[in-house]
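Here's a walk through one structure, taking contacts and strands in turn. Have the coordinates open while you read.

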Amino acid sequence: MILTSITSYCKKGNFDKDLLRSIVNFTKLVPIKVKNNKYRLFDTTDLDALVNTYSNCKTVNALIDILEKGKKTIQLAIKIHEIKPFYVTEGGIKYYVPKVVNNALQLMDNYKSITEISKNSDIGSRTLRSLLDFNDVSPVYVNGNCKYYSFQVISGLVSEFKRYKTINEICKDFDVSRPKVESVLESNNILPRFFDKRKVVQYYLPEDIRNELERYKRFIEIQKNNQAKSIYQICDSLGIGKKHFYSIIEFKSIHSIIEKDGVDYYREDEVAAVVRETSNIIKLSESSNIEEHQVRKIIKDNNIKSCYTVGRIKYFNNKEVKKILREWKEERRDIEKYVTTSELGKKFGFEGSKIRRYLKSQGVEPITIVDGIKYYEYESTLEVIELLRNVSKLKTLNELAMEMKACSKTLRIAVENTGVQPSFRMKIKRTNASLNMGLNEYQDFYEVDKVIYALEQNRIHVDEKTAIRSQKKVKFFPLLHEELQKAINKYIEYRKAGRGISYNNFFTNKKIKNPEKQLRIIKGWLSSSLYKIAEYRLKNHNEEMKMPINFDIYTLNVEDFDAVKKEFKPTSRQTLFHNIRPFLYFLLIEKKKSLKTIEDYLSFNSLELQFEEFLNLFPRREEEVEDVDNDEELPKKLNKSFLTREQTIDIYYFLLTDPRSQEPLKNATMWLIGCVTGLRPEEFLNLRIEHFELDENGLLKLNERGWGVLRFPKDMTKQKLKGSHKIFGTPISPFAIDLINKYLLWLYKFQGESNSIGVGWFFRPFVYLPENKYKKIGNQFIVRLRQQLAFLEKDQADDFVKKASRHSMNNLFVEAFHVIADKELKSKLEKARQHHMRHKGEDEKLKKDTLNQAKTGSEHYTDDISSDAYYGVLEYVVGYPWDKKNLVLWEVKKGFRHLEKEIIINSDTAEEQEIYEKLLQGHKRQREINQQEKSKSNNALLKQLQLIDDRLLQIKHPPNSKNKFEAWRKEIVILNKEKEKIQLYLKDAPSQDLG
């Protein structure tokens, strides 16, 4: 390193000393060494570099000739690239390195204006500007009003843009309709790659939806050839179920061609091929003519694996199994000349087990046993088959006892006492050892009617329980004479045709509920009563009993009622009366058609009086049911319970915490629904989740008043009398909705994801089986509840039933009548009660309490009720909160409870009086505070609603930027949802609270 001063360097190099010192100072060259704090010594190499660089530097004017560029262009390049001068004289003249300036000028050749880029890239300038704005591309520099961009950057964006297509272009390229393209974009949640704000056009990348559209086109082509079908079409065409279909596509990994409107489409030939290739054991048995159990055993022995399973049914490969079955049959050709009991059963129509039993009893032994199957010689079985034909319509006493649920010993005593002989006696071939053990050598077969007759004659020998069971199975109709049978059949056909009986102010409904079952019951009552009346007459006159039994029904009189009293209990007489009265009136109507002479009419009047006297002896109502002759004790009348609101809440929470119940929430909800909807206990069986108005989560939906709605159909009600109101339904109070939703959430949790929400029986024996219905809802939880009802009288507690919830709600209507101050609303109370209780008639007690505003038994109402009036009444009846803490305040607010009165009544000391007064004042003060807070809250919500509207107006148009587009869309959705919530809350707010 050679050190030198500026002066020494300039002398040697013949360079201007002042100029070099100025350059050194401008470039801030640091000296290597400073001598005596005065002389600066520099590296000779550094000074050489400065001098060489300076010698090459030029001013802007000098660069014009060297670089062959205009002055403004050179100055612009220096400005854009922020090129600093190498040296600036004291006069302000700037010197630049030509090479640096030249590099800057070369870079400027890559910067183009939008117009230049548009021409070179074959893209419109407006579209190009939208593309640059959407991708947030800033210009490199701005010269006047013209913006210059990097051509390389923009060319990349343009090449990417040229891959985008509008929806119309995509439709044209793929030959698909616009709605289909839009549905694919929406279903796959595909956002636009570019939004041209100036043209208001969205651009998409075709590759994003190419696969879906090509699948759709393939689907259309296949559908034209009638190959692609939906699941349901394939199942109908091939005769298979949905489970079978899904098992096939899982087994063969068959994929759908396309999904259209939520339905998958498949190639039918692929599924059909699998159906042809596989069979279950039943089909394999039919095609190979081998018993099912034998086919199953062969498959198991050969360890053949199933292809797939549908439920519990396994499907096997046809070729594999049939090959093994053919080999099995060839090995057993020698036994084809023999028959099995199953083959005999199919041929002659008997059960195989019964044939086996009779073959054994007759000593017919099998020729051989192969794989556990017994083979018999065909000729040796013919005698047994003939024997079975003889006894096919006959039965043994043991078989009859099982059918009647009676004792076989009782039947044997009956036939012995009446001398009924067996219709056929079969000899059983037994060994000497069996005979020594006391087994019978013969088996007797009897006609069913003869045994029934014997049992009827010897009922005194049958215990009461067995008599009741057997009587259910006894058929009296075949024991009646042909004339009586014709009369009964004619009446049954008349009622079956939907025709009612109308006679002397008596009429029946034309339509019979469940006619097949009900008419069979009516026929049984008529047959049994006429048979017993005829039998009683013959015994009284000591006449011989001949079958079939007969008597002239038009001679029926009051003396025949003795037979009714003897054979039927008091409650049964009441039922018999309601069945025999329309039958006798029917006979009178038919008789009246044939009257011609005066004598006929006189005789008919006598017959009419004779029938009426007979019918007047029957008890018609429950209070008339008595039997003085037999001194029978009647069932006591239940003591009804009418509970207060507080007591109904206590019962709900007791059931909810019942330690002995497996499903306490179900029992508590059953009680709750009875209290708020008035459903009868027998109607709980028919209540379905779909009967409620539900939201998308399967929970109770709030209507515009904030109440839930139950629409219980008429067909599900007791005796199909009356369902929920056609317009209003059966409203459910807001306080009860949360408790019912709690039960629904519990159902959905335990029923599993495989079961859909919002469907199924509301109360069910098994939570995980929504379509499994209760046959009868047990009463055990009510029995346990009776022990907790200390607030009731002992007789009431002992007789407490589920229907007490309905009784109590009905009583709350009566209580509300005395509290409602609005006369117009009070006048609509009875109408609201009829709709909510689903009554056709009226309650006498309520009739008196409501000042005779209703008519007992009326089926048509003079005027209907408005929505405001209906809900206004229900607010007083079932709109109470289901917690005791808030119930007191609610009752005070509605007028059911007066704190001032309670102060006088309940306060025993001055100290207690002071406490009650403080409570009352606190309650009033709290009510005023709540009203003020509610008013403030509503005003705040109105202001918030105004701010949301203003914001929605501001962001009405979509942004230019791609990055901001998704954020804009999400903000729109959130603001609209918030706006709906506020509007819903303010909808029912009183006008005075809204400021």
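Are Arg784 and Asp658 buried or exposed? Arg784 is buried, and Asp658 is buried too; buried here means under 20% relative accessible area, exposed means over 50%, and partly exposed is what lies in between (1.4 Å probe, protein chains only).

Before going on, a word on the ground rules. This is a predicted model, where local features need pLDDT of at least 70 and side-chain atom pairs count only at pLDDT 80 or more, while totals for chains, interfaces and linings use all residues. Residues are numbered from 1 along each chain as its sequence is written, and side-chain values use heavy atoms, with hydrogens and water left out.

**Salt bridges**

The side chains of Arg784 and Asp658 meet in a salt bridge, at 2.9 Å from N to O. The term covers a side-chain nitrogen of Lys or Arg within 4 Å of a carboxyl oxygen of Asp or Glu. This pair links distant parts of the chain, 126 residues apart: Arg784 sits in helix 35 (residues 780-786), and Asp658 in the loop between helix 32 and helix 33 (664-677). Helices (H or I, at least four residues) and strands (E, at least two) are DSSP runs, numbered from the N terminus.

Searching the whole structure turns up 22 salt bridges, and the table has a few of them.

| Pair | N to O distance |
|---|---|
| Arg784 and Asp658 | 2.9 Å |
| Lys884 and Glu646 | 3.6 Å |
| Glu482 and Lys486 | 3.7 Å |

Take Lys884 and Glu646, which meet in a salt bridge. Lys884 belongs to helix 42 (residues 884-894) and Glu646 to helix 32 (residues 645-656), so the pair ties together parts 238 residues apart in sequence. Lys884 counts as partly exposed at 37% relative accessibility, and Glu646 as partly exposed at 34%.

Glu482 is partly exposed with a relative accessible area of 48%, and Lys486 is partly exposed with 46%.

**Aromatic pairs**

How many aromatic pairs are there? The count comes to 29. Rings of Phe, Tyr and Trp (its six-membered ring) pair if their centres lie within 6.5 Å; planes under 30 degrees apart count as stacked, over 60 as edge-to-face and the rest as tilted. The rings of Tyr491 and Phe583 have centres 5.4 Å apart and planes at 75°, so this pair is edge-to-face. Tyr491 is in helix 27 (residues 482-496) and Phe583 in helix 30 (residues 570-593), so to speak distant parts of the chain, 92 residues apart. Both Tyr491 and Phe583 are buried.

Phe561 and Phe614 are also edge-to-face, with 6.4 Å centre to centre and 80° between the planes. Phe561 lies in helix 29 (residues 561-567) and Phe614 in helix 31 (residues 598-615), 53 residues apart. Phe561 is buried, as is Phe614. Elsewhere, Tyr652, Tyr653, Tyr876, Tyr880, Trp882, Trp890 and Phe896 form one aromatic cluster.

**Strands**

Strand 1 (residues 3-4) runs antiparallel to strand 3 (residues 39-43), and 2 bridges join them. For strands to pair, DSSP has to find at least two bridges between them. Leu3 stands opposite Asp43 in strand 3. Strand 2 (residues 33-35) pairs with strand 3 over 3 bridges, again in the antiparallel sense, and Lys33 has Leu41 as its bridge partner in strand 3.

There's also an open sheet of 3 strands with the order 6-8-7 and antiparallel pairing. Strand 6 (111-113) and strand 7 (141-143) stand at the edges with a single partner strand each, so one side of each has no neighbour in the sheet. Strand 6 pairs with strand 8 (residues 146-150) over 3 bridges, and Tyr111 stands opposite Ser150 in strand 8.

**Positive phi**

Most residues other than glycine have a negative phi. Lys28 has a positive phi of about 60° although it is not a glycine. Lys28 is in the loop between helix 2 (17-27) and strand 2, and is exposed at 69% relative accessible area. Asn289, not a glycine either, has a positive phi of about 60°. Asn289 lies in the loop between helix 16 (281-288) and helix 17 (292-301) and counts as exposed at 66% relative accessibility.
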